[in-house]
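Reader: I am new to reading structures. Could you take me through this one, step by step?

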Amino acid sequence: MLTLIKGGRVIDPGNVDEILDIVVREGIIVDIKQNALTEEDDTESIVIDASGKLVVPGLIDMHVHLRDPGQEYKETIETGCRAAAFGGFTAVCCMPNTNPVNDCRQVTEYILKKGTKEGSARVYPVAAVSKGLKGEQLCEYGELKDAGAVAVSDDGNPVTNSRLMRRALEYSSRFGLRVISHCEDLCLAEGGAMNEGAIATRMGLPGIPNAAESIMVERDIALSELTGIPVHIAHVSAIESVRAIRDAKKTL
Amino acid sequence: MALAKKDILDMESLSVEDISLILDTADRMKEISERPIKKVPTLRGKTIVLFFYEPSTRTRTSFDIAAKRLSADSLSLSASTSSMVKGETLIDTGRNLEAMNPDVIVIRHTCAGAPHLLAKMLKSPVINAGDGMHAHPTQALLDLMTVRENKQKISGLKIAIIGDISHSRVARSNSIGFKKMGADVVLCGPPTMIPKGIEALGVSVTHKVEEAVVDADVVMMLRIQKERQQHFLFPTEREYSMMYGLTHARLAGAKENVLIMHPGPINRGVEIAYDVADGPYSIILNQVTNGVAVRMALLYLVTGGARDADAD
């Protein structure tokens with residue numbers, strides 16, 4: 001049986017960006033070309049009209065919160081995966097700030113098991129940097145990797161202790177796990193409701209300066225240089241952070 | 001032949017000839033401990049001060065027994081029984097001790113370089129029994145002796161040292177000692193426990209035990225200190241044991257008749273499995289036995305015993 005995806009803007013980043021048809025046979029793409037036709041006698045062919053739409057490879061969301069276990073009233077692995085699939089995302093990396101925290105094999109395995117059962121998107125669990133996200137003790141990365149974790153992060157909290165962050169970079173490298181850093185100086189950001197500036201001032205809302213993010217981005221860059229181990233900076237939102245990351249990449 | 005050194009401070013300052021002389025002397029000293037009457041008059045009338053600023057059972061006992069077997073008078077001082085608690089500096093304590101004419105001062109100190117400072121200030125020979133994370137030459141010498149005794153050579157052997165290399169004076173002194181005597185040394189531990197620039201000692205580094213033990217003639221395990229957990233060097237004893245504990249399965253790639261060593265005290269079931277510690281290739285207790293012989297040799301050599309013997 002053939003499926004024909006017709007007339008969409010096909011994007012394969014860096015390779016393809018044009019209006020094309022995609023021919024799929026039994027779940028496998030067999031042809032990508034202009035004006036593809038189904039065989040005339042094949043009455044079982046399905047034609048999907050994609051004109052005016054984007055046709056892209058399965059997207060991966062590097063940073064989602066499935067809130068499961070513990071906060072299922074907000075989101076579950078099932079609803080999160082279905083939302084992802086609906087938006088064109090075939091895989092998601094879910095952050096560990098659940099309850100209990102994904103800091104041990106049992107939670108990682110629970111997430112994977114439920115994600116596999118749900119099936120609408122692939123689930124890649126990100127485990128915690130520190131036990132309970134408390135920034136006091138490293139998690140057992142060897143065991144978490146074995147259980148199926150793909151990276152580590154204390155997302156939701158910054159790793160405020162620079163020594164712990166250094167050791168996390170070093171220890172995770174032994175197991176091929178990347179550290180994803182939530183960069184925020186909590187003291188600078190404390191109480192803030194929006195970006196610091198004219199609008200916050202006019203609205204009478206407490207502001208968060210860009211430096212609350214970029215200070216920790218620069219720290220993590222320094223630790224990355226010290227250890228020689230790459231770090232992944234999550235949700236970059238300030239121009240100062242972008243500059244710091246760009247400059248650091250230049251010196252690699 | 002006599003030792004051309006006043007002090008035994010670290011493995012760097014000992015030449016290949018010095019080390020060979022010490023090991024040969026220790027081989028002969030060992031026999032004394034096997035006699036029914038384990039005492040010779042060699043150091044009769046000599047005074048050995050054992051000055052331990054840091055807790056120690058094995059090393060201090062070993063020096064004490066070594067001194068007694070050579071008929072020297074030994075006395076032990078610890079940080080709590082010395083005037084250090086009254087605020088006296090190391091140098092002043094050393095000078096006061098020297099004023100009582102000791103023949104050798106053995107010192108262990110938490111600060112790297114303390115024995116070197118003392119050696120520079122005092123006329124008496126100083127033996128370093130461990131200074132901070134810096135050096136533990138008598139341990140390295142007894143390890144060299146034990147390996148040589150079991151393998152009849154040191155040159156060409158592959159020595160794997162596994163554990164917290166960062167905080168280990170034993171790893172540093174053994175790396176230098178074994179390299180100097182022609183062995184290959186590979187250091188292994190999680191990246192958190194490998195100090196920066198250690199390759200400058202001429203050793204190689206790996207983070208996987210399975211890689212470290214490949215074709216190893218000797219596997220030396222280091223004690224994992226639980227308090228290091230607070231410094232984020234490892235998450236739990238459980239994971240350390242699972243990833244870095246020496247088990248029979250992990251030894252599969254090592255040479256046949258691989259020797260298992262450990263400076264002690266061992267944490268059974270953590271860095272070393274029970275059956276490996278007690279297994280046929282374990283020479284952990286031989287190390288302790290040879291420790292006495294090496295320390296007898298050192299006390300004998302630094303007091304100029306050899307010169308006297310030559311004169312006879």
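Author: First, some terms. Helices (H or I, at least four residues) and strands (E, at least two) are DSSP runs, numbered from the N terminus. Two strands pair if DSSP finds at least two bridges between them.

Author: Next, the ground rules. This is a predicted model, where local features need pLDDT of at least 70, side-chain atom pairs count only at pLDDT 80 or more, and totals for chains, interfaces and linings use all residues. Residues are numbered from 1 along each chain as its sequence is written, while chains are lettered from A and ligands numbered from 1 in the order in which they are written.

Reader: How many bridges pair β3 with β4 in chain B?

Author: Strand β3(B) covers residues 104-109. Across the pairing, B:Ile105 has B:Val126 as its bridge partner, and B:Val106 stands opposite B:Ile127. The two strands run in the parallel sense, and the number of bridges is four.

Reader: Which strands lie at the edges of the open sheet in chain B?

Author: The sheet has four strands with parallel pairing, in the order β2-β1-β3-β4. An edge strand pairs on one side only. The edges are therefore β2 (73-78) and β4 (126-131).

Reader: By what angle are neighbouring strands of this sheet turned on average?

Author: Axes are lines fitted to C-alpha atoms, for helices over the stretch in contact, and angles run from 0 to 180 degrees between N-to-C directions. For this sheet the direction is ignored, and the average is 15°.

Reader: How many residues of β4(B) are buried?

Author: A residue is buried if 20 or more other C-beta atoms lie within 10 Å of its own, exposed if 12 or fewer, and partly exposed in between; C-beta atoms are placed from the backbone. β4(B) is largely enclosed by the rest of the structure, because its buried residues number six of six.

Reader: Is A:Glu26 buried or exposed?

Author: A:Glu26 sits in the loop between β2 (16-25) and β3 (28-33) of chain A. Within 10 Å there are 8 other C-beta atoms, so A:Glu26 is exposed.

Reader: At what angle do α1 and α10 of chain B pack?

Author: Helix α1(B) spans residues 16-30 and helix α10(B) spans 284-302. Residues that meet include B:Ile22 and B:Met29 in α1(B), and B:Ala293 and B:Leu301 in α10(B). The axes lie 8 Å apart, and the angle is about 115°.

Reader: How many nonpolar residues does that contact have?

Author: Two residues are in contact if their C-beta atoms, placed from the backbone, lie within 7 Å. Ala, Val, Leu, Ile, Met, Phe, Trp, Tyr, Cys and Pro count as nonpolar, Asp, Glu, Lys and Arg as charged, and the others, Gly among them, as polar. The contact of α1(B) with α10(B) has two polar residues and one charged, and the nonpolar ones number ten.

Reader: How many residues of chain B are in contact with chain A?

Author: By class, this side of chain B has eight nonpolar, four polar and one charged residues. They touch 13 residues of chain A, and the count in chain B is 13.

Reader: What is the radius of gyration of chain B?

Author: Chain B has eleven helices and nine strands. The radius is taken over C-alpha atoms, and the globule rule is 2.2 Å times the number of residues to the power 0.38. That rule gives 20 Å for 312 residues, so chain B is as compact as a globular protein of that length, with a radius of gyration of 19 Å.
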